[in-house]
Amino acid sequence: MDKASFDMQKLKNPESSGTEYQNGDQKGFWNVREYVLFRGPHECQHCHGKKKDPVFNVHHIESRKTGGNSPSSLIALCEMGHNEYHDKIKSGKTKSPEDFKLPKRAKPYRDAAGMGIMRSTPLERLKEANPDLEGVNTYGCLTKNKRIELNLAKEHYNDAYWIAGNPNAKPLEQCLDLKKTRRHNRQIHQFNFIQGHKRKSNQTDQMVGGFCLFDQVKFEGQECLITGRRKSGSFVLKTLSGQRIHNSASIRKLVLIERADGYLKETEVRQFLAIQTA
Ligand SMILES: [Zn+2]
Ligand SMILES: [Zn+2]
């Protein structure tokens, strides 16, 4: 990720509590504050926009002393609501965050796992495995310059070729497309969080007759994906590029090729390094 307004690496071990506070490090807080505003939800977690105050503050659910600057302890409140809360706590009118209808602290590690920041970056791992490796990091703007200079079509696989840094390499004739599919339904997740602190399953990929959403199947000789199910029990089939194959295909005509694993795959013959024609 480039041009992010916060430093992902500095969000590592966000659950380590209090150390930054004890060191008096406010820089750590400003970094995690940017992250919390980026993460959302993008509305005040107290009044949900009712106060119409556009100024956001980032509030520590658990005190900075005990909870540190962990993203799971931080929420966005509008400034009016935030001041109101602290005034009420100070005067004793409100005894606890729950009295003021503030959400509970999120599960630890949710942010870290969600952003993939528990692991080292791919570049770090490459360098660990190959200590004499250097200069493999590149920036999108440089790749773009090269592409425009050579008048190449704007395709990810052309960019990847230049990023590899070996202009004499013979390109492959095939290209593997991967697309990430949705694994969870965030909306179900959020609504159920409120109800009695119990969480219903937010999995969308239930099995129907041995098939589930995004399974790769063969239908009348054509490879495609299950993208939906009709009430009648038949399936909607599409190719990865979105072309509709069948609106209501019978289960008896489906042959499983590959089980959905979170990625959609399609291998296509492509002309690498094609010159831009338009
Ligand atoms: Zn508010
Ligand atoms: Zn606060």
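1. Starting with the open sheet: five strands are arranged in the order 7-6-5-4-8, with antiparallel pairing. Strand 7 (244–249) and strand 8 (254–258) sit at the edges, each pairing on one side only. From one strand to the next, the twist averages 40°; axes here are lines fitted to C-alpha atoms (for helices over the stretch in contact), and angles run from 0 to 180 degrees between N-to-C directions. Pairing needs at least two bridges found by DSSP between the two strands. As a reminder, strands of a sheet pair through backbone hydrogen bonds, either parallel or antiparallel.

2. Before going further, some ground rules. This is a predicted model, where local features need pLDDT of at least 70 and side-chain atom pairs count only at pLDDT 80 or more, while totals for chains, interfaces and linings use all residues. Residues are numbered from 1 along each chain as its sequence is written, chains are lettered from A and ligands numbered from 1 in the order in which they are written, and side-chain values use heavy atoms, with hydrogens and water left out.

3. Within the sheet, strand 4 (residues 216–219) and strand 5 (residues 222–229) run antiparallel and are joined by four bridges. Across that pairing, Lys218 stands opposite Glu223 in strand 5.

4. Strand 6 (residues 235–238) pairs with strand 7 in the antiparallel sense over three bridges. Here Lys238 stands opposite Arg244 in strand 7. The hairpin these two strands form has five residues between the strands, and Gly242 takes a positive phi near 100° in it.

5. Now the metals. Zinc ion (ligand 1) is coordinated by Cys44 (SG), Cys47 (SG) and Cys78 (SG), at 2.2 to 2.3 Å. Those donors are spaced C-x2-C-x30-C in sequence. Cys44 lies in the loop between helix 2 (26–39) and strand 1 (56–60) and Cys78 in strand 2 (residues 74–78), so the pair ties together parts that are 34 residues apart in sequence. A caveat on the donor list: donors are N, O and S atoms within 2.8 Å of the metal (3.2 Å for Na, K and Ca), and water is not among the atoms, so sites may look incomplete.

6. Are Cys44 and Cys78 buried or exposed? Both are buried, and Cys44 counts as such because its relative accessibility is 3%. The cut-offs are under 20% relative accessible area for buried and over 50% for exposed, with partly exposed in between (1.4 Å probe, protein chains only). Cys212 also counts as buried, at 7%.

7. Zinc ion (ligand 2) has three histidines as its protein donors: His59 (ND1), His82 (NE2) and His86 (NE2), lying 2.0 Å from it. Along the chain they follow the spacing H-x22-H-x3-H. His59 in strand 1 and His82 in helix 4 (residues 79–91) are 23 residues apart, and the pair links distant parts of the chain. His59 is buried at a relative accessible area of 3%, and His82 is buried at 12%.

8. Finally, the overall numbers. The protein has nine helices and nine strands, taken as DSSP runs numbered from the N terminus (helices H or I, at least four residues; strands E, at least two). Of its 278 residues, 31% count as buried. Among contacts (heavy atoms within 4.5 Å) with a separation of 6 or more, residues 24 or more positions apart account for 58%. There are zero disulfides, a disulfide being a pair of cysteine sulfur atoms within 2.5 Å.
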